[in-house]
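Please keep the sequence and the 3D view open while reading.

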Amino acid sequence: MVWICIEIFYRFVPNNYTQKATEIQNNYDSKILVLGNSHAFYGINPDYFNAKTYNFSNISQSLYFDELLIEKHLKSFKNLKYIILTVDYFSLSQVDNSSEDIYRKYYYEQYMDINVPLISRFDPKSYSLTLTRNLEMNIDLMKSYSKEKTLVEGNSKGWAMKIGTNPQFNNYETAVDVVAKNEDGLSDFQVNLDRLNRIIKLCSKQNVKVLLVTMPVTTHYARLVNQNKLRKIYTDCKRIASEQKNCIYLNLFQNKNFQNDDFYDTDHLNEKGAEKCSKILNKVIIENSGFNSLQKIENVR
């Protein structure tokens with residue numbers, strides 16, 4: 001009975017995945033599409049772009065799933081001009097089927113109708129979402145729903161808002177824990193670099209440009225990361241952009257336009273920071289394409 005109740009909960013209660021699977025179909029006329037992880041989910045607000053924009057990012061969404069989503073939906077976008085894709089400190093070194101994907105991969109398969117090669121047809125978890133997490137985690141999720149009355153964070157444009165700055169999470173001590181969690185100690189980026197190149201080439205076939213962006217973080221976070229690894233990320237992204245005509249790279253990691261009070265926590269922008277970031281991205285798109293260039297762009301300066 002407990003299993004049945006939890007399974008019904010998973011199958012019928014809307015969440016970020018079910019919402020985006022529905023909303024993406026209502027946004028196939030968008031000219032800009034945002035993909036990436038939680039830095040994009042909370043940090044890129046479609047309201048501040050001159051052209052219709054949909055935010056298709058999600059929490060802990062790796063480049064692995066970005067590619068699968070693009071493969072599934074790209075041809076449905078008839079007016080698409082740009083894809084904004086986040087490449088953050090952990091993006092290029094993240095291995096497939098990491099701890100972040102242990103249960104989320106089943107959500108992409110079940111909720112977003114994605115064929116996920118990581119999942120075997122004989123895997124019982126692909127038939128029962130209850131099995132994807134332990135009993136305690138399932139109960140906690142149900143309690144969260146009972147308290148908040150929803151599991152959906154994003155609005156109809158796919159963006160989720162973090163309000164203000166939370167001192168409990170926006171500080172140096174928390175940054176130590178967050179960076180330690182994000183640091184995998186890996187410097188072999190080849191798998192994900194190949195993935196980026198495939199995404200960019202696929203977009204090129206449809207005359208879609210790709211804007212790679214390394215999102216901003218607080219000074220707490222920035223000072224703790226491996227600087228050698230960070231420089232390698234910059235170098236590889238710049239090289240890809242120089243080699244692919246339809247690609248631009250923008251590094252906002254330690255951009256001086258952002259202060260620590262633009263962040264909700266140590267590495268996620270709040271609503272004020274998201275406004276700043278989105279205006280910067282909008283301006284870059286305009287300057288690199290003449291896209292809606294006749295419109296006033298004072299709001300992005």
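In this predicted model, 5 strands form an open sheet in the order S2-S1-S3-S4-S5, and the pairing is parallel. The edges of the sheet are taken by S2 and strand S5 (247–251), each of which has a single partner strand, so one side of each is left without a neighbour in the sheet. Direction ignored, neighbouring strands of this sheet are turned by 15° against each other on average.

**Strand S1 and its partners**

- Strand S1 (residues 32–35) is joined by 3 bridges to strand S2 (residues 53–55), and the two run parallel.
- Within S2, Tyr54 is the bridge partner of Leu33, while Asn55 is the bridge partner of Val34.
- S1 is also joined to strand S3 (residues 82–86), by 4 bridges, and this pair likewise runs parallel.
- Val34 has a bridge partner in S3 as well, namely Ile84.
- Together with helix H3 (residues 38–43), the strands S1 and S2 make a β-α-β unit that is right-handed.

**The two faces of S1**

- In a regular strand, the side chains alternate between the two faces of the sheet.
- In S1, Ile32 and Val34 lie on one side and Leu33 and Leu35 on the other, and because all four are buried, both faces of the strand are covered.

**Helices lying across the sheet**

- Helix H4 (residues 63–73) lies across S1 and S3, and its direction is at about 160° to S3.
- Helix H11 (residues 271–289) lies across S1, S3, strand S4 (209–214) and S5, running at about 145° to S4.

**Nonpolar cores**

- In soluble globular proteins, nonpolar side chains tend to be buried together.
- The largest nonpolar core in this model has 61 residues, of which Leu33, Ile83, Leu92, Met112, Leu212 and Phe253 touch the most other members.
- Apart from this core lies another one, of 22 residues, and among them are Val34, Met215, Cys277 and Val284.
- If its neighbours within four places in sequence are left aside, Leu92 is in contact with several residues, including Leu63, Val87, Phe189, Leu193, Leu196 and Ile233.
- The contacts of Leu92 also include Asp188, Asn192 and Cys237.

Notes. Residues numbered from 1 in each chain as written. Predicted model: local features only at pLDDT ≥ 70, side-chain atom pairs only at ≥ 80, totals over all residues. Heavy atoms only, no water. Buried < 20%, exposed > 50% of the residue type's maximum accessible area, 1.4 Å probe, protein only. Pairing = 2+ DSSP bridges. Right-handed = clockwise from strand over helix to strand, strands pointing away. Core = buried A, V, L, I, M, F, W, Y, C linked by side-chain atoms within 4.5 Å. Contact = heavy atoms within 4.5 Å. Axes fitted to C-alpha atoms, helices over the stretch in contact; angles between N-to-C directions.
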